[in-house]
Amino acid sequence: MNNNIRNIGIFAHIDAGKTTFTERILYESGGLSSPGSVEDGTTEMDTLPEEISRGISITASTSMIKYKIKQKTFYINIIDTPGHLDFHSQVDSALLAVDIAILLIDITSGIRSQTELISKKLIDKKIPILIFLNKIDKSIEVNEIIKNIENLFTIKKVPVFKIISKDEFIFLPLQKEIDEEIELAYIEWSNEWTDKYFKAKDPKKVLLSGLREGIQESKLIPIFVGSGLTGIGVSECLQFICSLTPKIEKKPYDAILFKKQIHPYLGRISYIKTFISMREGDVLFHGDVPYRITHFYTIIPGGVQEVREIEAFSIAAFLSPEGNETDTWQIGDFLWKNPPEEGEKREIGSFPKFGKEFIQILEPEKEKDRLELEHVIKGVVWEDPGLDVSLKADTGQFQMIGMGELHLDVSIKRLESFLQDRFTKKNLYVASYGLINIKNSNLIWEHHTSDLKYYSFTLELVASKSTTFENSITFSTKVQSMLKLSIESAYFEILSHAADGSPLLGLSIEINKIIPPKIENEHSISLTKVAVVAGIKNLVRNQFKRISSKTNFEILLPHSQVGLVISMLQKRSAKIHGMESLDSNKTIVKGSAASEHLLGFTSAMRNLTQGKASISLLTDFSIDSYSEL
Ligand SMILES: Nc1nc2c(ncn2[C@@H]2O[C@H](COP(=O)(O)OP(=O)(O)OP(=O)(O)O)[C@@H](O)[C@H]2O)c(=O)[nH]1
Ligand SMILES: [Mg+2]
């Protein structure tokens, strides 16, 4: 890795202070004359109108700063990620680019579910982690939190600070003296470093080298302390990061796409992390499709900078390819500098698919605006890997499909910023399914067009509830292939809306006898379909239970409002899993409910608690954790 590039990601739960911390880093580096404020809507990182008005981050934003330590200049790409779980696809995309993670923990609200979720992801990806206990200006009670951090990782945690008083903090790496009680842990993880330490002329230097290597090798996690708001501990943390050189694995590709954005000045841009150096005019291959990059850009505090050359292991943006073929570039896709060799099969990318089951129906206010609405929706979907759009075949309405209510809400506000009121929001719902609930039964499905026997069609079968959520159809009798295809397609088509319009799950059919019409012509195919459709409708009628995704919630609120919120939750058939009381006079309430029952809950709760309660919602889209409605 180039010795002076650092790609840092800032991760944490909602409101832990990521954006404020990032602004402070931009300020410390000289990139800003004063740090922006989330409250005043003046930050570099939260610039979308919805980010400013709600005071939350929605997208992962990057900025590059130059940071000088003595004579050496470091180029630091910093990525500020959103804390709301509705936007966690943004966190996953940021993880494609970062080499070092700063995990903020707000000492006034402790370890929360997002902290646990992101910790697991960072460990899985073997990204070195630094913990920063934030908002120390509010309280210096950190012992309880440090104890709780123990359960967060199996990796050894080592403090790098000592708190003397509210106004005095000592950063041990900057001290000449050695605090053996704390600092011996920096080398004890390795026999080699322990040997070196006891033989060293300059043992402090060995301790710090041991600490750095321990972090780079994911054997140690240092704990910093400070405040992004007042700046305590921020420059110490930044300087320490510059002294780390994380190991970068060589990849079989030359760059990875990690973000797409409709930029206010540049239009559609794509961000890549590079693994080799590149320069303007270079051609990059997506599979075997070439694309010439005329200019590279880096986002810097206050604007955009055009750059001729991009070093290996850095981050850069370029104008996104337009057109049908190249528009298929997805976040997580790999790019190469050379075309594939003959016979070479290239993997395109490896970004996870996200569960999306919150659906908002939209339609143009006037028919003449339909094309423009479609264009704008597609643009917003293009930017956001957590969003999809489809057309409702029966009504021609658009279905915008997202990861949560807040996610859809801000996506619609984004549409409004382009279209104002030229479209209408119809219903919002959560996808639900019918899960078949029948006993094994031998059935006969038949269809007669008239009295004429030679036009009738009969299927004999066994229908049962499958052990999984899968639908399946098997044939234990010989069947001509066209007929088989037509039975199968009718079966899957009707199941896609058999449960009162919703998809039906878990139905397994074994066909063991077929008596086709005596006369075989084009009618026989449609007759088979009619028989299958009618048979399934009959079978399914009221024989299913409706299931839907489950949402886990975590609510942080003042002790005095717990009763109020619990009674609101009970009305929505929520299950409370636990409550935890924090030193800061606040309680965390954890539980779950059917996602559908929680629609509208966040805003109702905010109104009733006058904004004093904050909620984090994580919907579990894995089908085996769905619950009955
Ligand atoms: N006292 C104090 N307040 C802070 C500190 N850092 C952030 N805040 C406040 O905490 C609130 C949330 O800060 P943000 O920086 O928006 O938090 P975030 O983690 O970026 O939030 P999301 O992006 O929505 O997840 C704001 O009101 C900040 O002013 C800090 O170090 N001390
Ligand atoms: Mg933020």
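Ala, Val, Leu, Ile, Met, Phe, Trp, Tyr, Cys and Pro count as nonpolar, Asp, Glu, Lys and Arg as charged, and the others, Gly among them, as polar.

What you're looking at is a predicted model: local features need pLDDT of at least 70, side-chain atom pairs count only at pLDDT 80 or more, and totals for chains, interfaces and linings use all residues. Residues are numbered from 1 along each chain as its sequence is written, while chains are lettered from A and ligands numbered from 1 in the order in which they are written.

**The whole protein**

The C-alpha atoms fill a box of roughly 100 × 65 × 55 Å along the principal axes. The protein has 16 helices and 35 strands; these are DSSP runs numbered from the N terminus, with helices being H or I of at least four residues and strands E of at least two.

**Around ligand 1**

Ligand 1 has 23 residues around it, and the closest are Gly 17, Ile 56, Ser 57, Gly 83 and Leu 229. To be near, a residue needs its C-beta atom, placed from the backbone, within 6 Å. Helix H1 gives the largest share of this shell, three residues.

| Helix | Residues | Residues in the contact |
|---|---|---|
| H11 | 370-383 | Glu 372, Leu 373, Val 376, Ile 377, Val 380 |
| H12 | 405-419 | Ser 411, Arg 414, Leu 415, Phe 418, Leu 419 |

Contact means that the C-beta atoms of two residues, placed from the backbone, lie within 7 Å. The contact of H11 with H12 is made of seven nonpolar, one polar and two charged residues. The axes of H11 and H12 come within 10 Å and cross at roughly 130°.

**A look at Ala 255**

Ala 255 sits in strand S10, which covers residues 255-263. Why does Ala 255 count as buried? Because Ala 255 has 24 C-beta neighbours inside 10 Å. Leaving out residues up to four places away in sequence, Ala 255 touches Ile 272, Lys 273, Thr 274, Phe 275, Leu 284 and Leu 335. Ile 221 is 34 residues from Ala 255 in sequence, and their C-alpha atoms are 28 Å apart in space.

Technical notes
Axes are lines fitted to C-alpha atoms, for helices over the stretch in contact, and angles run from 0 to 180 degrees between N-to-C directions. A residue is buried if 20 or more other C-beta atoms lie within 10 Å of its own, exposed if 12 or fewer, and partly exposed in between; C-beta atoms are placed from the backbone.
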